[in-house]
Amino acid sequence: MKKLSARRRHPLAALVVLLLALAATGGLYAAFAPADKAQADVAAQSLAIDEGKKLFAVGCSSCHGLNGQGSSDGPSLVGVGSAAVDFQVGTGRMPAQQPGAQVPRKKTIYSQAQIDQLAAFVSSLGPGPVTPTEEQFTSTNPEDISKGGELFRTNCAQCHNFAGQGGALTKGKYAPSLEGVDAKHIYEAMQTGPQNMPSFPDTTMPEEQKKQIVAFVRHTTNDEPNPGGLTLGSLGPVTEGLFGWIFGLGTLIAVAIWVAAHTTKAKKS
């Protein structure tokens, strides 16, 4: 009996063996790390919201209210989401310099880190469109350009012109040129519908189609030479017709005068 009890294992021996096995395979880290990582993410998000609230109080609250509830000088930001903040502040439209029919794009005054903090605070006010990832607006498929062109001509060309050069609207408003606009901001504009633009959520226009439109716009408004030659502002028949009347008809009149001046009758006189 004494020999058998001496060989009996300690009650904690199995637990020690299990912990050693977990440590050897990384299981011990996996068992505890996710909770630590989640806590770290929550803390980082909370810090971003706090910093964003401070920035908002200084640069935005005079028009939108301390809690983004809006005022007579600016709309409510509850539910606009981080995508709207990233677009408006990232393109320099906000903070606005002065009221008007439309707020133009201008140089940004916040860094991207500060924009992210502002977006975190506004997102905390209510759910809304989320800032897209690079994968959502970046296309590597050449076919997306032609598909995006069809979608652009159907949904966007009425205001932005068939080549994305912009156009005039009513009462001093306008559809801005898309030349030089960041791909992320084009995607966010479709998500949020800033100012006079309608919004195209995923229920109306799937993510893949928005990506295709971005691919077309970026291809059409790049800095490469136009294969068709002089674009005349890509404004269509107005500038082309004006060019034809001024230069084409003017050239014909000049040739007619030259011919008349060099006839035999003209030389005799």
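**Aromatic pairs between helices**

Phe-152 and Phe-216 are both buried, where buried means under 20% relative accessible area, exposed means over 50% and partly exposed lies in between, computed with a 1.4 Å probe on protein chains only. The structure is a predicted model in which local features need pLDDT of at least 70 and side-chain atom pairs count only at pLDDT 80 or more, while totals for chains, interfaces and linings use all residues. Residues are numbered from 1 along each chain as its sequence is written, and side-chain values use heavy atoms, with hydrogens and water left out.

Rings of Phe, Tyr and Trp (its six-membered ring) are taken to pair if their centres lie within 6.5 Å, and planes under 30 degrees apart count as stacked, over 60 as edge-to-face and the rest as tilted; by this rule there are two aromatic pairs. Phe-56 and Phe-121 form a tilted pair, with 5.1 Å from centre to centre and 55° between the planes. Because Phe-56 belongs to helix α3 (residues 27–59) and Phe-121 to helix α6 (residues 112–125), this pair ties together parts that are 65 residues apart in sequence; helices here are DSSP runs (H or I, at least four residues), numbered from the N terminus. Phe-56 counts as buried at 1% relative accessibility, and Phe-121 counts as buried at 4%.

The ring centres of Phe-152 and Phe-216 lie 5.3 Å apart with their planes at 45°, so this pair is tilted. The pair links distant parts of the chain, since Phe-152 lies in helix α8 (residues 143–155) and Phe-216 in helix α11 (residues 207–220), 64 residues apart. The buried residues of α8 are Asp-144, Gly-148, Gly-149, Leu-151 and Phe-152.

Notes: Helix = DSSP H or I, 4+ residues; strand = E, 2+ residues; numbered from the N terminus.
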